[in-house]
Amino acid sequence: MAHAADAHAPHQQQLRSAAARLGRRRFLTVTSAAAALAFTTNLPAAHAAELAPRALTEDPFTLGVASGDPRSDSVVLWTRLAPRPYEPGNGLPATGAVRVHWEVARDERFTRIARRGTARAHAEFNYTLHVEADGLAADRVYWYRFRAGEWISPVGRTRTTPARGIRVNDARFGLVSCQAYHDGYFTALGHLAREDLDAVFHVGDYQYEYAVNAVGGARNYTDRTLPEVFNRETVTLEDYRLRYALYKSDPDLRAAHAAFPWFVTWDDHETENNYAGGIPEKDQDPQEFLIRRAAAYRAYWENMPLRMPQLPDGPDMRLYRRAHYGRLVQLDILDTRQYRSDQAYGDGWQYPGPESEDPSRTMIGAAQERWLLDGFRHSHATWNVLPQQVTFSRRKNTTADRSKLSMDSWDGYPASRERILAGAEQAGLDNLVVLTGDVHVSYALEIKRDFDDPASRTVGVEFVGTSVSSGKDGADKPGNWDTYLAANPHMKFYNGRRGYTTVTLDAEQARADYKTVSRVTTPGGTLSTAASFVCEAGNPGLHQV
């Protein structure tokens with residue numbers, strides 16, 4: 001598969017062709033054709049008319065604040081002006097801009113200002129802001145806020161990374177994924193916000209494309225009625241923008257964003273279930289799907305604390321990227337969705353065979369794979385950590401010698417997995433940690449050099465974090481618990497409740513604490529630690545503590 005830049009020209013041509021044709025067919029709406037063309041050209045005008053401050057008569061900071069992609073000297077500060085978040089356009093004019101003041105302080109009371117400035121929130125970006133606050137000191141906590149007109153935002157807390165190459169005692173991260181609004185409350189994120197963390201990894205399914213009814217699905221609201229605009233699948237840019245507004249209206253999600261900087265990457269539901277590269281889940285014209293993907297990618301960038309290099313170009317967006325925490329951690333944040341080959345054998349759980357084992361198949365595309373293996377070769381970190389989406393280690397679903405495997409996970413792309421493991425081996429990486437979401441359960445897995453041989457050496461560990469809400473309440477031992485543990489001796493832990501995982505890294509070990517909540521279909525679920533595992537530096541393998 002080609003890197004996004006490599007695929008740029010054909011995608012642009014397809015997008016324009018689809019836009020012209022779909023305009024004639026009135027696909028979705030006549031204006032969707034124009035919108036498709038606008039994805040590649042609709043950037044804010046340098047001299048857009050500004051809305052007068054007095055025109056902001058309602059609080060525009062209803063969706064909170066966030067920070068992300070921290071570096072040793074900078075961090076992205078995000079907000080979205082939305083006085084009426086459940087309306088198209090956020091209740092603001094269809095054109096123009098709003099001038100917003102921002103400031104970063106060394107203390108929570110803002111008596112010691114480190115940086116301040118102004119930025120313009122443009123209608124073309126749905127009045128979102130991505131301020132790259134620079135000139136900051138390494139490895140320190142800051143507080144930030146915005147002001148628009150007379151309105152002041154909630155205060156957010158963020159933290160820069162330690163400078164690359166210096167010694168770092170430890171780093172502590174949160175791992176979250178899969179937060180279907182219609183499956184329950186984001187209680188886990190409320191608990192996460194009270195942790196002591198350097199940053200949070202969200203590894204996909206931040207929002208779901210499925211319809212959310214008037215009572216919020218399993219939330220079963222009795223104190224509010226959600227607008228009808230949410231009771232349909234997201235397809236258009238307006239749909240996706242509104243869906244992010246619904247999700248970000250959740251107070252627990254806003255609290256978790258305000259507490260820490262986030263590193264985000266997507267999986268499938270931010271666009272459509274189980275899509276593969278440019279191939280949709282169901283029988284659909286690929287050109288129509290590219291328009292949908294362009295809408296989903298644009299809305300994702302708008303609503304995440306991402307830097308300008310991640311701004312999508314039509315249906316293409318470079319999301320994989322690298323970060324460092326001193327000499328302790330190298331983070332290689334992957335995108336396993338945009339560049340992958342189509343799932344083998346029609347997707348789902350299937351017996352592996354020539355199609356799935358074709359050596360030309362790829363999970364991350366040729367360019368991203370080269371980038372990753374090059375990063376391995378140049379790494380001087382104690383721990384090489386891969387935040388990514390789908391289960392990396394093998395998962396058999398029966399104890400038979402020949403068992404079905406998930407074609408959507410790395411099991412459906414074994415040659416791609418082998419190239420990653422061979423590259424790590426050739427680079428001499430001793431401490432490989434893969435962080436995963438997607439499956440709505442928690443696993444602790446040892447990564448074997450040869451999964452066909454249980455006695456094969458362990459070359460890394462995989463911490464699979466459960467979902468925030470997807471799958472509703474769940475259970476400590478799902479129905480296949482005994483089978484999975486028996487069929488996969490490298491699986492050391494399996495739990496099916498909702499929650500999150502904290503990952504602590506120091507010079508001696510990596511530790512995962514699997515946190516679960518008692519329920520999500522009603523508010524107030526309590527937090528407990530289901531299990532904790534460590535991996536010793538230089539000695540790959542898992543030990544329960």
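**Exercise 1. Find which elements supply at least two residues each to the lining of the largest cavity, and describe that cavity.**

Step 1: Strand 1 (65-68) and helix 5 (251-259) each supply at least two residues of this lining. Helices (H or I, at least four residues) and strands (E, at least two) are DSSP runs, numbered from the N terminus. This is a predicted model, in which local features need pLDDT of at least 70 and side-chain atom pairs count only at pLDDT 80 or more, while totals for chains, interfaces and linings use all residues. Residues are numbered from 1 along each chain as its sequence is written, and side-chain values use heavy atoms, with hydrogens and water left out.

Step 2: Name the lining: L63, G64, V65, A66, W78, K248, R254 and H257. On a 1 Å grid over the protein atoms alone, a cavity is a set of points where a 1.4 Å probe fits but cannot get out, and a pocket is an open set with protein on both sides within 12 Å along at least five of seven lines; lining residues have an atom within 4 Å of a point.

Step 3: The space inside is about 30 Å³, a volume being the space filled by probe spheres set on the points, which are joined across faces, edges and corners.

**Exercise 2. Work out which strands pair with strand 11, and where its side chains point.**

Step 1: Two strands pair if DSSP finds at least two bridges between them.

Step 2: Look at W262 in strand 11: G68 stands opposite it, and V200 has W262 as its bridge partner.

Step 3: In a regular strand the side chains alternate between the two faces of the sheet. Here P261 and F263 point one way, W262 and V264 the other way, and all are buried (under 20% relative accessible area, with exposed over 50% and partly exposed in between; 1.4 Å probe, protein chains only).

**Exercise 3. Check the span of helix 6 (residues 286-303) and say how enclosed it is.**

Step 1: The expected span is 1.5 Å times one less than the number of residues.
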